[in-house]
Amino acid sequence: ATTAPRIPSTRLALHHFDTSYSLHLGTLWPSVRAGLLCEQKYGALLNNFAAADHVPQELELLNATDFVSEAPQKAQQWQQGAAVGKAARGCQEGCGEDRTVIQAEMMTQAEMSPPLCASISSKIKCYTFPRGDITRFRPARPDALGLLDYYLMDAASLLPVLALNVQPGDFVLDLCAAPGGKTLALLQTGFCGHLAANDVSVSRTKRLYQILHSYVPREVRDTVSVTSYDGRDWDQVEGGTFHKVLVDVPCTTDRHSAMEEDNNIFHKRRTKERQMLPMLQLQLLMAGILAVKPGGEVVYSTCSLSPLQNECVVE
């Protein structure tokens, strides 16, 4: 008897994405699909703990820019553009002086609106190359004390940290912390009164320890507690004690699933695990909510486009 050839997990993933995301994203899907299948571009998160004052100038000479510091200006431009578009639509319904009044009101509203990213920590700096520029960053280098000058990560992974908007003295929980990029970014704010970095995987937690030792001085590491609890049970460990909680849950990791066979959740033997992801994500989000103090904030994030893993879990 012959056995049917095994279909690569990446092909199964891409077929699933084509089927579901084309319905969800419509005409946007072809360009999003191309982005998923392109070589991954990284951002360079500057390490504020390293003696690396020369690094920003070095990266700017390569035409890289700090997307975090540019965000408020771009957000304001987007607001003004949206207001002008709305004014133009309103003008189609008005006439003469009414059009001018409508447009003036819209512009004034745009100018008065605070930038969307006004609360972003100015201490976080992440350099990226422009769209279409596939230049690669050099490997990180140690300073005189052995601390590496920057951490290479997907720049989009920084967005949940920025959204968390950590304030001075905040007690922060990173519920699913490994491999550690977001934990490191949280520390770059310089605001964490205490940071609890948890991940259920002991092997991935070891990677988290390595990152902390490579980028963070001991006196700052002492403010971080690293644990390997099942995040779903966190409320039984330290319920209601944190000002901010980041719940960056396990997910289908779309880019990895479409590009890499290793540890691919679309492997047929992991079908049930994949189907149970939304339930796991919901349980982790509930644990994050129970871990936060009254009046605190929780940010939920994935690296998937799936509505079942995003909107449906939150709603």
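In the predicted model, residues L277, Q281, L284, L285, A287, G288 and A291 of helix α13 are buried. These residues lie on the same side of α13, because they cover an arc of only 160° around the axis. An α-helix has 3.6 residues a turn, so residues three or four places apart point the same way. The helix itself comprises 15 residues (277–291) and reaches 21 Å from its first C-alpha to its last, close to the 21 Å expected at 1.5 Å a residue. Its buried residues pack against several elements, among them β5 (170–174), β8 (242–248) and β9 (292–301). Helices α10 (235–238), α12 (271–275) and α14 (311–314) are also packed against by the buried residues of α13.

A nonpolar surface patch of about 440 Å² is formed by M276, M279, L282, M286 and I289. Of these, L282 is located in helix α13 and counts as partly exposed, at 32% relative accessibility.

Ten salt bridges are present in the structure. One of them joins R33 and D18, with an N to O distance of 2.8 Å; R33 belongs to helix α2 (residues 29–37) and D18 to helix α1 (residues 9–25). A salt bridge also connects R136 and E39, whose closest N and O atoms are 2.5 Å apart. Because R136 lies in the loop between β3 (126–128) and β4 (150–153) and E39 in the loop between α2 and β1 (43–46), this pair ties together parts that are 97 residues apart in sequence. R136 is exposed at 65% relative accessibility, whereas E39 is partly exposed at 46%.

The side chains of R138 and D149 meet at 2.7 Å, N to O. R138 is buried, with a relative accessible area of 15%, and D149 is buried at 5%. Together with E58, R138 and D149 are linked in a network of salt bridges.

Definitions and conventions:
Residues numbered from 1 in each chain as written. Predicted model: local features only at pLDDT ≥ 70, side-chain atom pairs only at ≥ 80, totals over all residues. Heavy atoms only, no water. Helix = DSSP H or I, 4+ residues; strand = E, 2+ residues; numbered from the N terminus. Expected span 1.5 Å × (residues − 1). Buried < 20%, exposed > 50% of the residue type's maximum accessible area, 1.4 Å probe, protein only. Arc of directions from axis to C-beta. Contact = heavy atoms within 4.5 Å. Patch = residues over 30% accessible without salt bridge, like charges linked within 9 Å, V, L, I, M, F, W, Y side chains within 5 Å. Areas by Shrake-Rupley, 256 points an atom, 1.4 Å probe, with all protein chains shown as cover. Salt bridge = Lys/Arg side-chain N within 4 Å of Asp/Glu carboxyl O.
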